[in-house]
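I am opening a notebook on this structure, and I will write down what I look up, one topic after another.

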Amino acid sequence: MTKAIQSSVQVGELATGQALTVPLYTFSGSELSSPSVYIQANVHGAEVQGNAVIYQLMTLLEGYQVLGDITLAPLANPLGINQKSGEFTLGRFDPITGVNWNREYFDHNIKVQAWYTEHQHLNDNELFQAYRSMLVGACQARLELPFGLSTGHRLAVGIQTMAHQADIVLDLHTGPKSCKHLYCPEYDADAARFFSIPYTLIMPNSFGGAMDEATFCPWWQLTEYAASQGREFLVPVSAFTLELASQERIDLADALEDAKGILAYLSYRGVIAEKVTPADMPRFGCYLCDYKKFHAPKAGLIEYRAVLGEPLAAGQPLVNILRIDLYGTEQAYQAISLPMDCVPILHFASASVHQGTELYKVMTKVFSITH
């Protein structure tokens, strides 16, 4: 039986001097040539289901032969997790700066041409090792800047340092009210077949601030530049964001299914020795540019009509807006629809909204992903 080794990493300090730490669990692999893995959860305080998935995944891994090192970081943002107001967790934004916790990662802005020119004499493995060392070193140097870092950026760069040491990075999130969906870079779109997730957003291979992009973008840039110089290799690092339904809830039975989906991907990549077959299920995708936000055309009380994860035909009700202050007029109750077919993926958690609130995110121009 394979057992995880428990440790922790410090990611900051409270005003009282208490250390902010993230628990770590590590499964040591038996094969140096197998890919290493980093999985984190709960970067947003209310998004707790990823912790249940990590729990189930660790329980399953005890019965498998682990070939590549696997590091798991549940409870990855202790500040956000403890950012409570009444019965709600508010930990989506850094309360000091207002920045989304998942947009605090370091954009390396590497001068790839200069770096590659200096290191092109190395063989592929040596090249990758040198590049990884450069990324990790840049994060460590950033943590030691003479003028310091914001609280949120320090936390993000600390966990980004761990992610840069892995070949596969999985960032576990949830939506407000959401069905499961996967963020997958365009260069690695085939990987969507292995996770037990019905909808996939295909992202451009560029940096937008999130952990997955902060991880894979530098490697995509290196791969593309090397190809322009006549040197071909696959992008050495894979990174995905898994959106595991809705926030402020855990469901251990559901978490077990998602853990099995992760195992299927790890099996495909050779991280575990055993063969784990992906779930037999229909999978659909759309490009990120076709993932649309619907904002409230006016303030009011919202009845969310569209069912998440189910196709919605053009002209069918998306929401109803109740304006009790306009009772007796035609504006008191209004049905709103969209002019195109779509699949609603998530919606705002509250029924009381300001004008302009982002009510739904929907996939348009949806296509089937072969499974």
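Before turning to the sheet I note that two strands pair if DSSP finds at least two bridges between them, and that helices (H or I, at least four residues) and strands (E, at least two) are DSSP runs numbered from the N terminus. The model is predicted, so I keep in mind that local features need pLDDT of at least 70 and side-chain atom pairs count only at pLDDT 80 or more, while totals for chains, interfaces and linings use all residues. Residues are numbered from 1 along each chain as its sequence is written, and side-chain values use heavy atoms, with hydrogens and water left out.

**Sheet.** I looked up β14 (residues 300-304) and found 2 bridges to β18, with the two strands antiparallel; L301 has S352 of β18 as its bridge partner. Both strands belong to an open antiparallel sheet of 4 strands, ordered β16-β15-β14-β18. Because β16 (333-337) and β18 (352-353) each have a single partner strand, they stand at the edges, and one side of each lacks a neighbour in the sheet.

**T364.** I found T364 in the loop between β19 (358-363) and β20 (367-369). T364 counts as buried because its relative accessibility is 5%, where buried means under 20% relative accessible area, exposed over 50%, and partly exposed in between (1.4 Å probe, protein chains only). The T364 side chain reaches the backbone oxygen of D290 at 2.7 Å. Leaving aside neighbours within four places in sequence, I list C286, D290, K292, M340, D341 and C342 as the contacts of T364, a contact being heavy atoms within 4.5 Å.

How values were computed. Polar contact = N/O pair within 3.5 Å; in protein donor to acceptor, adjacent residues only side chain to side chain.
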